[in-house]
Amino acid sequence: MDGGNAAGRTGDGTRAVRAGLPEPVKHEPTLPGPVFAAHFHLPGDPTGPYTYGRDENPTWTLLERAIGELEAPGRDDVETLVFASGMAAISSVLFSQLRAGDAVVLPSDGYQVLPLVRAQLEAYGVEVRTAPTGDDAQLDVLDGAKLLWIETPSNPGLDVCDVRRLAEAAHARGALVAVDNTLASPLGQRPLELGADFSVASGTKQLTGHGDILLGYVTGRDAEAMTAVRRWRKIVGAIPGPMEAWLAHRSIATLELRVARQNATALKVAEALRERPEVSGLRYPGLPDDPSHKIASQQMRRYGCVVSFTLPTRARADRFLDALRLVDDATSFGGVRSTAERRGRWGGDSVPEGFIRLSVGAEDPEDLVADLLRALDESAD
């Protein structure tokens, strides 16, 4: 039994701290340092776990084991592969599973790079269908699809769909199911337990949480499908550096601490913003009156660190962002430092000009709420 096996450890904090660690060896570090190697000693036949640096690396192995223990604790029939970025992970599933003539269902309200992915898939002869995340609308376009891609909660609108229901419907039609689990994190949602074949995420976000690493991963339960994903990684070479992999593994140890603080603060932030008359379209799945709360509470263990809302105008939103002192005006989410942005500035999301995506960090809740309310006051016309 390896030292990272989570058997007998049921708490998220314990699991995060111990995940993926090797058996202890006297005088060796608890988490071995990054292995920098393009090749390995390989006399004779090319057998064994490590042959060439594009295929495997001991540092990846420990990280992949750790992520697998978080995404599917207690299961030995899943595999995790790490990638250079979240988009590398997303691309690996889509382009390894789909062929010309296949059909895929994507969310119409998902991550803003998905339209670029759609164009590339269509150029390769793949039929792309889209539907919104809310109300399980993807059910209506499932017939004949090879793969269903779910993003729940959706980014940036925070709609939630019923993963169990969609997965059952997709499997009944012979389709595979992939869930983008970035916004929830494996401590907030476990897609494989809900019936998905793949859980895919950007480790750039809350998993590593410090805004200093680009990383992605795929965890899957179908051995044949994961073999195709591994082959795609080998062909494309979209691999993480050993230093990034080691930093990611180190960062996972504090994941439960960060998630607990950020989720609790996000709820307080949402409750405070709900009282402001200039705020409309407030979304946070943890709010009891949020349109997504009922289904989110049935499949999510935590509701995430992102709150979205709309201010009356683009100018008001820009003034609000400029007035913030504890919140950085930056893209991405999930970091220990709070960030916010007017999402419409990128042009890829169907959101109002005053739409704000706020990522709640690990600051003291009272300080963060006070900063947000002060900035709202100062940004008023």
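Predicted model: local features only at pLDDT ≥ 70, side-chain atom pairs only at ≥ 80, totals over all residues.
View 1. Buried means under 20% relative accessible area, with exposed over 50% and partly exposed in between (1.4 Å probe, protein chains only). Helices (H or I, at least four residues) and strands (E, at least two) are DSSP runs, numbered from the N terminus. Since five of its five residues are buried, strand 9 is largely enclosed by the rest of the structure.

**View 2. The partners of strand 9.** Strand 9 pairs in the antiparallel sense with strand 8 (residues 280–283) over two bridges, and Arg283 stands opposite Ser308. Strand 12 also pairs with strand 9 in the antiparallel sense, over five bridges; here Ile356 is the bridge partner of Phe309. Two strands pair if DSSP finds at least two bridges between them.

**View 3. The largest nonpolar core.** This core has 27 residues, and Val307, Phe309 and Phe320 have the most contacts inside it. A nonpolar core is a set of buried Ala, Val, Leu, Ile, Met, Phe, Trp, Tyr and Cys residues joined through side-chain atoms within 4.5 Å. Elements giving two or more residues to it include helix 8 (255–274), helix 10 (314–323) and helix 11 (365–378).

**View 4. The surroundings of Phe309.** Beyond four places in sequence, Phe309 is in contact (heavy atoms within 4.5 Å) with residues including Leu273, Val279, Leu282, Phe320 and Leu358.

**Notes.** Residues are numbered from 1 along each chain as its sequence is written. Local features need pLDDT of at least 70, side-chain atom pairs count only at pLDDT 80 or more, and totals for chains, interfaces and linings use all residues, while side-chain values use heavy atoms, without hydrogens and water.
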